[in-house]
Each structure stands twice: as structure tokens, then as C-alpha cells.
Amino acid sequence: MSFTSHMEAALQEARAAGERDEVPVGAVVVSPKGQIIARAGNRTRELNDPSAHAEMLAIRAACAAIGSERLTGHDLYVTLEPCAMCAGAIATARIARVYFGAHDPKSGGVAHGAKVFTHPQAHHSPEIYDGIAEDACQAILRDFFAARR
């Protein structure tokens, strides 16, 4: 079986989030059969909800789609390193693999900061693949914030 990246779909969600004046982060959940079952971009401002990160929304939609609180065997593609809150949800959902684009030294919770998956209390640690389409993921964020300065 060959590897197929679904980061372009996550980038589409990030672009749509930016067009809504949300921080442009996008995420997709992929089934064990390789099909995108949920997609989302940040909606924290639109929903007045600090937990409405792309990952959280995509995980919620994927769980609803399969009728389970567990996403065992599923993959998550996200344009930015998940924060500690999202990493906690990823672990709780038992997502198998996380593919992220840009690193987030300020607020990341996977490779930086809390490093949730290496914590002794982590219930589950997914496989992590970073730097997927990193330049494109960084450019969306850089351009978004440059336009606001």
C-alpha cells in the first residue's frame, strides 16, 4: 500500500478559515481505508468558543460520522502542530497517526511545550510525522499575520 498525503485537504480548510478571518489552521481525519471522513478549519471567533480549533472540530465530526468516541486506526492531518488541548483530544480519541505541517514553538503541545504524548500520564501516543508540506503550511500563517500587522 502506498502513502497518500491528505495535507492538501487540510490546507484547503486552513485557507477557508483565513477567509473567515480565523487563524488559518485546517485539519482532516482519514479513515483506515484512506478516505477523508471529517474536515474542519478553525472557528473560534465565529463560534465564540476557544475550543473550536480545527483538530477539535474535525475529531468531533469524525466521531459523529462513525458513531464512536474512539478513532482507532484513523489518521489526522493538520497544518499546524497541535496545542496541548488538541493533543489531549487526539490521545483520548486514540488516533493512530498525526501528520502536521508547521511547527509551533510558542503554543505547540507535541514537539514543543507540554509534549503531551511523551508525558507519563498520556493514555495513548500516536505516531507523529511532522514537516508535511511545511513550507505551504508556514506560508499561510505567515501571510495571514503579516496582513494584520
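Mentor: Happy to! A residue is called buried when its relative accessible area is under 20%, exposed when that value is over 50%, and partly exposed in between. Keep in mind that this is a predicted model.

Let us begin with Val78, which sits in strand S3. Its relative accessible area is 0%, so Val78 is buried. Which residues is Val78 in contact with, leaving aside its neighbours within four places in sequence? They are Met7, Val25, Gly26, Ala27, Glu55, Tyr99, Phe100 and Gly101. Take Gly101 from that list: 23 residues separate Val78 from Gly101 in sequence, yet their C-alpha atoms are 6.6 Å apart in space.

Two of these partners lead us on to helices. Met7 belongs to the buried set of helix H1, together with Ala9, Ala10, Leu11, Glu13, Ala14, Ala17 and Gly18. The cover over the buried residues of H1 includes strand S1 (26–30), strand S2 (36–41), strand S3 (75–80), S4 and H5. As for its length, H1 has 13 residues that should span 18 Å at 1.5 Å a residue, and its end C-alpha atoms are 18 Å apart, so the two values agree. Following H1 comes Asp21, with a positive phi near 70°.

Two packed helices are described by the angle between their axes and the distance between the axes. Here the axes of H1 (residues 7–19) and H5 (residues 134–146) come within 10 Å and cross at roughly 5°. Angles under 35 degrees count as roughly parallel, so H1 is roughly parallel to H5. On the H1 side the contact is made by Met7, Leu11, Ala14, Arg15 and Gly18, which meet Ala136, Cys137, Ile140 and Phe144 of H5. By type, the residues of this contact divide into 7 nonpolar, 1 polar and 1 charged. An α-helix has 3.6 residues a turn, so residues three or four places apart point the same way.

Now for the other helix. With 13 residues, H3 reaches 18 Å from its first C-alpha to its last, close to the 18 Å expected at 1.5 Å a residue. Just after H3, Gly67 takes a positive phi of about 70°.

Finally, look at the loop between helix H2 (44–47) and helix H3 (54–66), where you will find Asn48. Asn48 has a phi near 50°, a positive value in a residue other than glycine. Its relative accessibility is 69%, so Asn48 counts as exposed. Ser51 lies in the loop between H2 and H3 as well, but at 17% relative accessibility Ser51 counts as buried. The side chain of Ser51 makes a polar contact of 2.7 Å with that of Asp49, and another of 3.1 Å with the side chain of Arg60. Beyond its neighbours within four places in sequence, Ser51 is in contact with Met56, Arg60 and Met85.

Key:
Residues are numbered from 1 along each chain as its sequence is written. This is a predicted model: local features need pLDDT of at least 70, side-chain atom pairs count only at pLDDT 80 or more; totals for chains, interfaces and linings use all residues. Side-chain values use heavy atoms; hydrogens and water are left out. Helices (H or I, at least four residues) and strands (E, at least two) are DSSP runs, numbered from the N terminus. Buried means under 20% relative accessible area, exposed over 50%, partly exposed in between (1.4 Å probe, protein chains only). Axes are lines fitted to C-alpha atoms, for helices over the stretch in contact, and angles run from 0 to 180 degrees between N-to-C directions. Angles under 35 degrees count as roughly parallel, over 145 as roughly antiparallel, 65 to 115 as roughly perpendicular and the rest as oblique. Contact means heavy atoms within 4.5 Å. Ala, Val, Leu, Ile, Met, Phe, Trp, Tyr, Cys and Pro count as nonpolar, Asp, Glu, Lys and Arg as charged, and the others, Gly among them, as polar. The expected span of a helix is 1.5 Å times one less than its number of residues. A polar contact is a pair of N or O atoms within 3.5 Å; within protein, one must be able to donate a hydrogen and the other to accept it, and residues adjacent in sequence count only if both atoms are side-chain atoms.
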